[in-house]
Structures are given as structure tokens and as C-alpha cells.
Amino acid sequence: MFTHSFLGTNDVPRSRKFYDAVMSTLGYTGAPLPHGTAYGSPTGALIVATPRNGESHTVSNGHTLGFVAKDAATVDAWHAAGLANGGTDEGAPGVREQSPGQQYGAYLLDPDGNKICVFAPNPNAA
């Protein structure tokens, strides 16, 4: 459905440090761009860069970008990597009872305030 997602940043080195850490836990490597970083996959990409229009990045209220993790241990590693690299906890790792399949997930705010999350299947869901 999507070719890519783009998140803005006002500080490329700071965002690169954060996203290199959290994306590597999911198996993705960043490719530096002059204005940011791209994390590609066979089906799409995440781009974190300065806005093309030259204006400052601002956070979109209500927007959350979600990633897939293979298991709960990967969710835990993702969350820890984010906190260790400038992220802010927005929901500690755990079972999300309201999610389809009671998935195991976690939420972070990146250094620019963008809300991201990761979810893994819950093999113990009822």
C-alpha cells in the first residue's frame, strides 16, 4: 500500500543516531542522505530527514508510525535502544490488551517528538 514513510527532523545527526539504533534491532540499516537517512526494505522505506520546504519540522498530533517486530525480545531491545539514544518512553513494552491478537508492543517519541511504535505477535493470546 505504501512506498515509504517520511518523518521530519530538525537535527539529522541526532535523529540518525536514534534511528540507526532502533532500526538495527529490526534488521534495517540506514543509508545516509545529504538531508537525512533512509532505511529501506524490499517493500518500502522509512526516510527521516529535514523537510523539503526548508521550514522547521513540527510534530503531527495523532500520528503514530508502527513497525513490525518478530518477537517480544525484539520489542524490548527496540525500546531499550531508543531510550539509550535520545528517545522518550511513550509506553513501555508489554501486552496491549486492546490490540488485535493482544500483541506485545512498545511506544517511543523520537528526539524530534515523532511517535513511533513496534508490535510483535503474542503467542500466548487467548
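A crossing of two helices is termed left-handed if the near helix is turned anticlockwise from the far one by less than a right angle, and right-handed if clockwise. The model is predicted, so that local features need pLDDT of at least 70 and side-chain atom pairs count only at pLDDT 80 or more, while totals for chains, interfaces and linings use all residues. Residues are numbered from 1 along each chain as its sequence is written, and side-chain values use heavy atoms, with hydrogens and water left out.

Helices and strands are DSSP runs numbered from the N terminus (helices: H or I, at least four residues; strands: E, at least two). Helix α1 spans residues 12-24 and helix α2 residues 72-84; their axes come within 8 Å and cross at roughly 165°. Axes are lines fitted to C-alpha atoms, for helices over the stretch in contact, and angles run from 0 to 180 degrees between N-to-C directions. The crossing angle therefore makes α1 roughly antiparallel to α2 (over 145 degrees; under 35 counts as roughly parallel, 65 to 115 as roughly perpendicular and the rest as oblique). The crossing of α1 past α2 is right-handed. Contact (heavy atoms within 4.5 Å) is made by Phe 18, Ala 21 and Val 22 of α1 with Trp 78, Ala 81 and Gly 82 of α2. These residues comprise five nonpolar, one polar and no charged, where Ala, Val, Leu, Ile, Met, Phe, Trp, Tyr, Cys and Pro count as nonpolar, Asp, Glu, Lys and Arg as charged, and the others, Gly among them, as polar.

An open sheet of four strands has the order β1-β4-β3-β2 with mixed pairing; two strands pair if DSSP finds at least two bridges between them. Its edge strands, each pairing on one side only, are β1 (4-8) and β2 (30-33). The twist from one strand to the next averages 20°. Strand β4 (residues 44-49) runs parallel to β1 and is joined to it by five bridges, with Val 48 in β4 as the bridge partner of Leu 7. Helix α1 packs on this sheet, touching β1, β2, β3 (36-41) and β4, and its direction makes about 20° with that of β3.

Strand β7 (residues 104-109) pairs with strand β8 (residues 115-120) over six bridges in the antiparallel sense.
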